[in-house]
Amino acid sequence: SNLTPEFMDKLNRFASLFSYCFKETLCDTLLGHLKKWMQNVIIDSTSKGLRRNGESREVRICTSIIQTFHLIPTASFKFFEPVLTIVLSGEKALSFEMGSPFRDPLFKLALCYPEQAVDFLLGRLADPPTNRLFTHWLTNEKAGPFRSYIEANPAKLISNTFKSSGEDSAELIYQGILVTSILVKHNDHW
């Protein structure tokens with residue numbers, strides 16, 4: 001593909017200025033490109049070794065593609081799950097997580113749909129990469145919409161964590177305690 005970091009930067013600038021010009025089909029196309037480029041990043045990292053700061057050309061292209069999703073208002077929440085899945089699998093293959101350049105643009109996409117994102121992530125707290133991502137996001141100063149939604153709907157947190165049963169119940173209870181402690185840290189009244 002002829003995607004370059006410079007082209008993606010220009011597309012993102014254009015999308016931020018004229019977001020109403022873009023259709024959901026662009027997001028479908030970008031999702032396909034993201035899958036392809038993430039696979040290229042993974043292949044390159046295993047064959048050549050990726051620079052630890054994650055600043056390879058391919059990583060910058062993936063980051064820019066993810067960045068584009070939150071700039072396009074027609075990009076519905078249906079793109080969150082596939083983008084999240086690609087990012088988490090890419091981070092796992094690349095062995096970077098907290099310092100991942102993919103996290104910030106993914107966070108911006110999630111902030112476009114805070115209620116749906118929280119519901120989605122609460123339902124997947126048994127998955128370690130997902131729960132680490134979620135708790136990391138909750139500590140972000142810009143995560144107020146996430147925290148407010150959980151505080152307004154504590155039954156969702158309780159049902160997804162404290163009332164869980166099965167083999168993951170201990171992990172889910174721990175995640176419930178962790179999320180609650182983050183909420184209390186950011187809101188003394190909760």
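1. The expected span of a helix is 1.5 Å times one less than its number of residues. In this predicted model, helix 1 covers residues 5-17, 13 residues in total. From its first C-alpha to its last, helix 1 reaches 18 Å, close to the 18 Å expected.

2. The buried residues of helix 1 are Pro5, Met8, Leu11, Asn12 and Ala15. Viewed down the axis of helix 1, these buried residues fall within an arc of 120 degrees, so they line one face of the helix. An α-helix has 3.6 residues a turn, so residues three or four places apart point the same way. On the other side of helix 1, Lys10, Arg13 and Leu17 are exposed.

3. What covers the buried residues of helix 1? The cover includes helix 2 (24-47) and helix 3 (57-71).

4. The largest nonpolar core has 56 residues, and Phe80 and Leu106 touch the most other members. With its neighbours within four places in sequence left aside, Leu106 is in contact with Ile66, Phe80, Val83, Leu84, Val87, Leu133 and Trp137.

5. Side chains of opposite charge can pair when their charged atoms come close.

6. Glu6 and Arg60 meet through their side chains in a salt bridge, at 3.7 Å from N to O. Glu6 belongs to helix 1 and Arg60 to helix 3, so the pair ties together parts that are 54 residues apart in sequence. Glu6 is partly exposed, because its relative accessibility is 46%. Arg60 also counts as partly exposed, at 33% relative accessibility.

7. A salt bridge joins the side chains of Arg103 and Glu91, with 2.8 Å from N to O. This pair links distant parts of the chain, with Arg103 in helix 5 (residues 103-112) and Glu91 in helix 4 (residues 80-94), 12 residues apart. Are the two partners buried or exposed? Arg103 is buried, with a relative accessible area of 4%, and Glu91 is buried at 3% relative accessibility. Buried means under 20% relative accessible area.

8. Lys156 forms a salt bridge with Asp119, and their closest N and O atoms are 3.2 Å apart. Lys156 sits in helix 9 (residues 154-160) and Asp119 in helix 6 (residues 114-122), so this pair ties together parts that are 37 residues apart in sequence. Lys156 is partly exposed at 30% relative accessibility, and Asp119 is partly exposed with a relative accessible area of 32%.

Terms used
Residues numbered from 1 in each chain as written. Predicted model: local features only at pLDDT ≥ 70, side-chain atom pairs only at ≥ 80, totals over all residues. Heavy atoms only, no water. Helix = DSSP H or I, 4+ residues; strand = E, 2+ residues; numbered from the N terminus. Buried < 20%, exposed > 50% of the residue type's maximum accessible area, 1.4 Å probe, protein only. Arc of directions from axis to C-beta. Contact = heavy atoms within 4.5 Å. Core = buried A, V, L, I, M, F, W, Y, C linked by side-chain atoms within 4.5 Å. Salt bridge = Lys/Arg side-chain N within 4 Å of Asp/Glu carboxyl O.
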